[in-house]
Amino acid sequence: MGEPQGATAAIVSIGNELLFGETVDTNAAWLGRHLAGRGIRVVRGYTVGDVAGDIEEALRLAMEGTDLVIMTGGLGPTPDDLTKDVVAARFHRDLVVDAGAEARVRAHFMASGYDDIPERSRGQAEIPRGAVALENPSGTASGILVEEEGVTIVMLPGVPRELVDLVEGALAPHLDAIAGARTHHRVVHTTGLAETSLAEQLEPALEATPAAAKAGIDLAYLPDLRGVDLRFTIRGGSAEDAGARFDDLLTHLDPVLRPWRFDAEGGDIAEAVSARLRRRAARIVVAESCTGGLVGKRLTDVAGASAVFVGGVLAYDNDVKVRELGVREDDLERHGAVSEVVARQMAEGVASRFGVEVGIGVTGVAGPAGGSEEKPVGTVWIATYVDGHVEAAHHRFSGDRSAVRERAAQATLAAVYRRLTDGGDGV
């Protein structure tokens, strides 16, 4: 595989709320993925509070050896919004009113019932002299682009929706220019293996792949709680040529990837499950304990879920398992709620209750309390009922309560997808 090359970027996230833990910096994660998709690698990131000296120092460091610096936050109308002032002072540029930005700010406030721009919001129409104002279709703070010392510096609002709209809109042509040669990507979604385990299986297959099939193709591992995305990248050439090269490489890697991969345009395995159910003209119901409705939520988050999702039972209490799902009391007493036999009865019971083809049963210990030596925190049993046949599997997930529940929901959807996939032998 080739070494990563191309344009580089740094991200500077600004705001006391980020440092104090009041807000999670989802912007930086989204930007990293988006820029990589455009052929721009994020090589550094900084998080600073609303302190002028700290913002300036982070900007100085971010500019070293990069083509692009994106600064998020600090563009609002309050006194602690300092980003624009710091950048203007750093490069000895006055702040001047941009006519287009002023018109957009005025239109926004007039649409909200104001006669004119409120005094404290007038500064949102100002940009450093010589900079470019980027239209923000979702708010009053324009994005700002300025070129200095061979580096493109972009200031974006910290509100996630506004940031996304700006990056995908007004900023997009500037990013294309920075990226240079057209970049092509193929993303393979996997679930069920951690990044290190997947790499241990994939790297030998890559080594054995003929050089011609992998030359000039970069690979990045993108892990999260739900799985690992593999992003293959080719720079230059036509989309048709890149597609053929991706197909050739993935043919060589298919024996390793087949048990773990799934196809979903948005990257969510719930999409893939829904597509499989539609293909079979089948419907699904859920019986959830430790996941507390997460599996049902994931399925109903997919557009058109009403065609395949019927409903479910949140069987947290054992009495609910017995009364609503038909779980046998003696099995609960003998094996406990977190057991294979109970998970199987939950899956079969909920499918029978609702009269559908596919049922799910998931029960486990999410923590932080409730674990034992025999069934420690993270122990989960997942059962799937498909067309009259039940299969069950035991899992041990790591992390806090939220992580265990998220991983359990993902594994449950993966188990259903495996059952629904032709042959039942892979994701």
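This is a predicted model: local features need pLDDT of at least 70, side-chain atom pairs count only at pLDDT 80 or more; totals for chains, interfaces and linings use all residues.

1. Contacts along the chain. DSSP runs give 16 helices and 17 strands for the chain, and the C-alpha atoms fill a box of roughly 80 × 60 × 40 Å along the principal axes.

2. Surface and charge. Of the 427 residues, 49% count as buried. The accessible surface comes to about 19400 Å², and carbon and sulfur atoms hold 49% of that area. There are 43 positive and 64 negative side chains, yet the centres of the two sets lie 4 Å apart.

3. The largest nonpolar core. In soluble globular proteins, nonpolar side chains tend to be buried together. Here the largest such core has 26 residues, and Val-12, Leu-59, Val-69, Met-71 and Ile-153 are those with the most contacts inside it. Two or more residues each come from strands S1 (7-14), S2 (40-48), S3 (68-72), S7 (143-148) and S8 (151-156), and from helices H3 (52-63) and H4 (83-90). Which element gives the most to this core? That is H3, with 5 residues.

4. Met-71 as a place to start looking. Leaving out residues up to four places away in sequence, Met-71 touches Val-12, Ile-14, Ile-55, Leu-59, Thr-83, Val-87, Ile-153, Val-154, Met-155 and Leu-156. Apart from this core lies another one, of 24 residues, including Ala-270, Val-273, Leu-277 and Ile-284.

5. Helix H7. Which residues of H7 (172-179) are buried? They are Ala-172, Leu-175, Ile-178 and Ala-179. Because they cover an arc of only 120° around the axis, they sit on the same side of H7. After H7 comes Gly-180, with a positive phi near 75°.

6. Two positive phi values outside glycine. His-92 has phi near 55° although it is a residue other than glycine, and its place is in the loop between H4 and strand S4 (95-97). Is His-92 buried or exposed? With a relative accessible area of 75%, which is over the 50% cut-off, His-92 is exposed. Ala-281 also has a positive phi, near 55°, and is found in the loop between helix H11 (269-280) and strand S13 (284-288). At 63% relative accessibility, Ala-281 counts as exposed too.

7. A cis peptide bond. Where the chain runs from Gly-367 to Pro-368, the peptide bond is cis, with omega near 0°. Pro-368 lies in the loop between strand S15 (358-364) and strand S16 (379-386).

8. Asp-301 has its place in the loop between helix H12 (294-300) and strand S14 (309-314). The residue counts as partly exposed, at 48% relative accessibility.

How values were computed: Residues are numbered from 1 along each chain as its sequence is written. Side-chain values use heavy atoms; hydrogens and water are left out. A nonpolar core is a set of buried Ala, Val, Leu, Ile, Met, Phe, Trp, Tyr and Cys residues joined through side-chain atoms within 4.5 Å. Buried means under 20% relative accessible area, exposed over 50%, partly exposed in between (1.4 Å probe, protein chains only). Helices (H or I, at least four residues) and strands (E, at least two) are DSSP runs, numbered from the N terminus. Contact means heavy atoms within 4.5 Å. Accessible areas come from the Shrake-Rupley method with a 1.4 Å probe; for residues, only the protein chains shown count as cover. Lys and Arg count as positive and Asp and Glu as negative; His and the chain ends are not counted. The place of a charge is taken as NZ of Lys, CZ of Arg, CG of Asp or CD of Glu. The arc is that of the directions from the helix axis to the C-beta atoms.
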